[in-house]
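Thanks for coming, everyone. Let me put the structure up, and then we can walk through its interfaces and cores.

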Amino acid sequence: MRALSLGRWLRGAVRARSDGPGRARPVPGSPQKVTVDVLDHLEHLALVDFRDSEGVERLQKAIQFADQLHEVNTDGVEPMDSVLEDRCLYLREDDVTEGNCTKELLKNAREKVEEYFVAPPGNIPLPKLEEQETYLQSS
Amino acid sequence: MVAAVRGCGGVWRRVWQCGAGGSASLGQCAAASSARGAVAPAGKSGLAPWVPVVGLEIHAQISSNSKLFSGSQVQFAAPPNSVVSFFDASLPGTLPVINRRCVEAAVMTGLALNCSINKRSLFDRKHYFYADLPAGYQITQQRVPIAVNGTLSYSLCTDHKMSQMVTKTVRIKQIQLEQDSGKSLHDDSRSQTLVDLNRAGVGLMEVVMEPDMCCGKEAAAAVRELQLILQTLGSSHAVMAEGQLRVDANVSVHHPGEPYGVRTEVKNINSLRFLAKAVDYEIQRQIEELENGGTILNETRAFDSKLGCTVPMRDKEGKQDYRFMPEPNLPPLILYDTKSLPANINHQQVVNIDRIHERLPDLPSVKRAKLVEQYGILPEHSFTLLNEDGLTEFFESVVKRTQMKPKKVIGWILNDLLSYLNQHSLTVKESPVNSSMLADLLNLLEKKEISSTAAKQVLGELWKGEGKTPLEIVKEKKLELIQDQEALEQICQAVIDGQKNEVMAIKAGNHKVLNKLIGLVQRKTQGRSNPVLVKQLLEKKLLD
Amino acid sequence: MLRASLREVSAALKEGHVTPTELCQRCLALIKSTKFVNAYITVVEETALKQAEESEKRYRTGQPLGVLDGIPIAVKDNFSTAGIETTCASEMLKGYIPPYSATVVQKLLDQGAVLLGKTNLDEFAMGSGSTDGVFGPVRNPWSYSRQYKEKSVPKSHPEDEDSNWVIAGGSSGGSAAAVSSFTCFAALGSDTGGSTRNPAAHCGVVGLKPTYGLISRHGLIPLVNSMDVPGILTRCVDDAAVVLGSLAGHDPKDSTTIQDNFKPFELPNLIDVSKLSIGIPKEYHAPGLSSEILALWSKAADLFKNAGANVIEVSLPHTHYSIVCYHVLCTAEVASNMARFDGLEYGHRSDMNKSTESMYAATRREGFNDVVRGRILSGNYFLLKQNYENYFVKAQKVRRLIANDFMKVFRSGVDILLTPTTLSDAVPYIEFIKEDNRTRSAQDDILTQAANMAGLPAISVPTALSERGLPIGLQFIGRSFQENQLLTVARWFEKQVKFPMIELEEVKRHDHGVFQHQKSASFS
């Protein structure tokens, strides 16, 4: 589903105003100002792309939904990490009980070289927004 | 470095010193030294001086059998992916289980660094993607680490002669437990990266040192002291060459009285020497950049040891947000002391801070103080003894076997033995001269059977490692001191007779010239005369 | 035989009325003929028969391992099973064969249970319908029951039969359907926001969510680590107690299991509820709750009252916010837990080879469905430095308020809470998919989610059939680690309501067994 009108609008909105590079522009239709910069940032951090306008809308709805939390008065309330916060961490003895299973581990890897897992070259960061072919940039 | 050329290999424009002598000082040493009127990094003609600020993040691999959260082995240079558990490989559904030994190591280290140990500490996830981080996050302690607010005292020499030592202190912000990552080996020729997870999950203690240091020398000295402490405790082997101790340096510069400058982080430093170089280079680079009107980017740089300079790291471009989140699979880590220990608790589940404190071995600073007290050596001597692996044991062993006073023995250890070892890049263990040999030699000297010149000669022979004892060499080379007093008297007389001018000078009151006569007697006897005795004889003849 | 309870069939095995192999074969055959239910992703016929054989040997020598020896079971496909594909109903893990088994799976196998296969679910357990997995949706077996067909499918349009099928609920729909259609005697599900209780209610089976920390999660591929628990689906409450007994207890491989000793218990036959205090939380009269269920809930309260129990209305004021709270905490943990899926060590891997990052991004684009990806993006948003305090920490604070609500009520003397499990009976699939996953989940989890927030044990007990002939379940929520009391009350209730057995053609054909289960008067 490539509903791209929003995309075109986004890019149009970014380019229309030429006052300074890299200025954040709010995404329309959302009370929370989710800027294109933030969307791009999220895609890089999560290595998951929005794919289409639905994806962006989904995020906006999610944020809107979450905003209801601010109706609750939490003054003086401590955050709760887990219901086990009053329990203490189990300590294990320093014995070697695992490992030595190279074959089993490599069995599930699609690509391997000898006994290594293998990845493409380096950690070359994904191209910047202008160079990408993802939804946020497409037309 | 000329501003226009980005690169290294030029002569530094300014040489600045830090840490001018005196007592312990906290905070920027440059400020302290300028207060004393000593040299602070001077700017270009007329510009305000610069205050360099250096903080360190040190990762020390914990010495344990198994990893921090899994039961796979901690083993250096094992065959690829052979000491990796399902959890280390981040197989879905696997969970972390903490290793008690790692907790104890962190507590030991915290106590040794005068930290407050947090009886309740928490674990967090730090997220980023990298080939050697299978889970996409590292488990660390960001909110409440296991130890905080400590101090580390270290010393450095203010000159090359090791004659003036200054004690400094650096604050320890915190110590946290965290996982090490795997290793990626970049194979550019085949356009691939090989990933070995053997190291993934090994326990690390990250020691954060506040920016109380001001130059490479201080940084290196602080790290060296930490290394000694860790090795003494046994909590980490801390061998930098094996990656068991890694240092990241945070460097910035500012003018006195102004706020701190933008800092850069220098990573990939795997030796003390490189640490000092990298820090000093970076300080200089920043000063030059700023003086030329440029700005410093808050970036991560790597140290290129071949070129001797820091370069920006490509891999870490782009905004980073680690999205810290509490680690939900690890309830709080609870530590006890004797007071808080509940009655009916399973002792296998207890880490008792007081017990660990009681069992702490003597730290390097204590060991040094004891050496100074016990043997009457100087503090700087004790530093050198501890700094060299095995040297203290060697020294003490020699002292035990010889009548020579330790104060004198130390000279032989530091000036002769150590310089020889350094020249030939040998460790104490590899020394061809062992402690009993040296002791025998020093005994000969002490008993006045040989002169000190002769002793040095014998030592030279012993280095050859031909298996001869000192006594054998003395006999072989005929280095015994002349014991016959009459014969010696005759030789003295002969020298006196041959140096009329010098004799006159001596009789006139210039006693220094006596040394020349002593030297001549030495030569005549081929070094086999006791200079003290010779002096006595000459004085008797000339001054009575 | 297939329609008997676990305990009954276990006794039959012991007596020799039936052998493990026969039982296993019958279940496998039934699975085949109920394929349209789509409850199973993987059926491991060979290994199951082998296990049955081993069990048979033990019975023959009079040395069975316990009540579970020879009992066919099924496991949700988000539990690791050594040597058996574990997919989480996602492209990302298609073909993934774990080298180890989840602790709970291993415990069942160690007791001699016969693992028939892995059941269907929403992808990575995200959803409330078991409709969003790559192997297609699970159909509620009740769609094909005489009871439903009578009431809901107009006789003049037989072709509508196929399009009129209703959802099984989720995300453990496959497990619930497997038990409901008699293909196994117990199944493992997981419960993060109601994923075991919801499908249990829709499929007319018992769904138990144990206290967080009681049962090991080692090997359960996580959705929300701080709320997930393995869930137990069985035909009756007593069976759930049996399975619980074999699974609960400290696991050194899972640091979130409590170290206290767990003692398996037997539920009493004669139960007296007159000493109990039953709380009716008024906030659970949620908007959208069907009048049918409301009436049933009221009747149930009366049942307890008439038996002498102290039934009182209580308040859990922050109930309304538990879904929002869950939404933030869940998406944040999902964002974190899914970070490991990059194709490097296991699972799907994209052919994209330009750089590590682009390979990761492509793998994740290809491997995850929209629901998962949406949650990852939302979760990362809430974890951003600038949002962490306002969203994540805020949600953690609200979580404490929700947990405190329960604490207050239990401290005031209430023993058990009685609430509905779902807002309505199962809806037809075509209606269900009209709304998106997140909206649906938000609506459907409203009655079950808070118990996960607070880590409390809860159980859904099939109560009666709706007007459309579909099951309705009611929920009991108990105090932490008080499963004994919870299950006792649930068992009493179950006995009172006498929920009718599903009447499926296929089962009748396969089940010419010794037992003939009576159809007793139903509760509605």
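Let's start where chain B meets chain C: 32 residues of chain B and 41 residues of chain C make the contact, with contact meaning heavy atoms within 4.5 Å. A word on what you are seeing: this is a predicted model, where local features need pLDDT of at least 70, side-chain atom pairs count only at pLDDT 80 or more, and totals for chains, interfaces and linings use all residues. Residues are numbered from 1 along each chain as its sequence is written, chains are lettered from A and ligands numbered from 1 in the order in which they are written, and side-chain values use heavy atoms, with hydrogens and water left out.

How much area do chain B and chain C bury between them? About 2,800 Å², with 57% of it on carbon and sulfur atoms. Buried area here is the accessible area (1.4 Å probe) that two parts lose on being put together, summed over both. On the chain B side, Pro92(B), Leu95(B) and Phe129(B) lose the most area to chain C, together 22% of what that side buries.

Now the polar side of that interface. The rule finds 0 salt bridges between chain B and chain C. A salt bridge needs a side-chain nitrogen of Lys or Arg within 4 Å of a carboxyl oxygen of Asp or Glu. Polar contacts are there, though: 16 residue pairs, both at pLDDT 80 or more. A polar contact is a pair of N or O atoms within 3.5 Å; within protein, one must be able to donate a hydrogen and the other to accept it, and residues adjacent in sequence count only if both atoms are side-chain atoms. By class, this side of chain B has 21 nonpolar, 8 polar and 3 charged residues. The classes: Ala, Val, Leu, Ile, Met, Phe, Trp, Tyr, Cys and Pro are nonpolar, Asp, Glu, Lys and Arg are charged, and the others, Gly among them, are polar.

Next, chain A against chain C. This contact takes 56 residues from chain A and 68 residues from chain C. Together they bury about 5,800 Å², 60% of it on carbon and sulfur atoms. Leu69(A), Tyr90(A) and Asn108(A) supply 12% of the area that chain A buries here, more than any other three residues.

How many salt bridges cross between chain A and chain C? The rule finds 6. One pairs Arg365(C) with Asp49(A), with the closest N and O atoms 3.3 Å apart. On the chain A side, helix H3(A) gives the most, with 7 residues. The chain A side divides into 33 nonpolar, 10 polar and 13 charged residues.

Chain A itself is quick to describe. It has 4 helices and 3 strands, taken as DSSP runs (helices H or I, at least four residues; strands E, at least two) numbered from the N terminus. The order along the sequence is α-α-α-β-α-β-β. Of its 139 residues, 50% count as buried, meaning under 20% relative accessible area (1.4 Å probe, protein chains only).

Last, the cores. A nonpolar core is a set of buried Ala, Val, Leu, Ile, Met, Phe, Trp, Tyr and Cys residues joined through side-chain atoms within 4.5 Å. The largest has 213 residues, and Phe124(C), Phe304(C), Phe406(C) and Phe476(C) have the most contacts inside it. Helix H14 of chain C, residues 385-411, gives the largest share, 12 residues. A second, separate core has 72 residues, including Trp50(B) and Ile139(B).
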